[in-house]
Structure formats: structure tokens, C-alpha cells
Amino acid sequence: MRLKVKWWHVALLLSVLVALLSPLASGSPDGLEKVAEDKGFIKQAKNPPFELIADYVFPGVENEAAATILAGIVGTLLIFGLTYGVARLLRAKRSRDQERSPVRESRPPLSSG
């Protein structure tokens, strides 16, 4: 049995690996936050309208590193699942539209040069 690896398999694996390394990220504020602190307008910042996982720490997990890793993996899988589902729906719609169309598109032959 031959395993067919697609680009998104590799992208998903890399994303999960990056999530595993997330506790090693710098604890310093990011560039925009640093500028806002330096220029004195950090107090004008507003909270986001909603947060799924506040401060990138999964709630209910005592160990902060494990909570950060779990938040990263859950976020990665949620975004992947959403994107994959939308892509599948769009592919199915395009396939149905092509089947219903009286004129089928034909692709030009690939050039050898």
C-alpha cells in the first residue's frame, strides 16, 4: 500500500509541531504592543469582542506550558477543520455545476516546453 502525501498533510503536521513548540516563544510583548507601551497608548486598547481561548492558554489545565500547547493544537485543528470543510463544499458545488452545465470546459493540452 502506497501512502499518498499531499501538501496540506505536511502543512498540518508542521502546524501541530509549531504548536508543540509554542511554550518556547518569547514572553515579551509583540511589536505592536511594544510600540503602544513605548508611545503610551496601550491603555486605549480595547478587548476583542470574543475569545475562544483567552491568552492562548487552554482553560482548566494547571500546567501553563501544557495549556499553551493544547490551545495551539485545538486552534490549529479547528481552523484546519473549518478550512477543509469549506474546501470540500466548494469542490462539491463546482463538480455539481459542471455536471449540470450543457457546455463542458475542456483544458488545453499541456505544453512540453
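Predicted model: local features only at pLDDT ≥ 70, side-chain atom pairs only at ≥ 80, totals over all residues.
Local features need pLDDT of at least 70 and side-chain atom pairs count only at pLDDT 80 or more, while totals for chains, interfaces and linings use all residues. Residues are numbered from 1 along each chain as its sequence is written, and side-chain values use heavy atoms, with hydrogens and water left out.

**Exercise 1.** Describe the largest pocket and its lining.

*Solution.* Step 1: the volume is about 1100 Å³. A pocket is an open set of points on a 1 Å grid over the protein atoms alone, where a 1.4 Å probe fits, with protein on both sides within 12 Å along at least five of seven lines; a volume is the space filled by probe spheres set on the points.

Step 1: 31 residues line the largest pocket (an atom within 4 Å of a point). Asp-30, Glu-33, Ala-54, Asp-55 and Tyr-56 lie nearest its centre.

Step 2: helix 2 (31–39) and helix 3 (64–100) each give two or more residues to this lining. Helices are DSSP runs (H or I, at least four residues), numbered from the N terminus. Helix 3 gives the most, seven residues.

**Exercise 2.** Describe the second largest pocket in turn.

*Solution.* Step 1: its volume is about 440 Å³.

Step 1: among its 14 lining residues, Trp-7, Trp-8, Phe-80, Tyr-84 and Ala-87 are the closest to its centre.

Step 2: helix 1 (7–20) and helix 3 are the elements that give two or more residues to this lining. Helix 3 gives the most, with eight.
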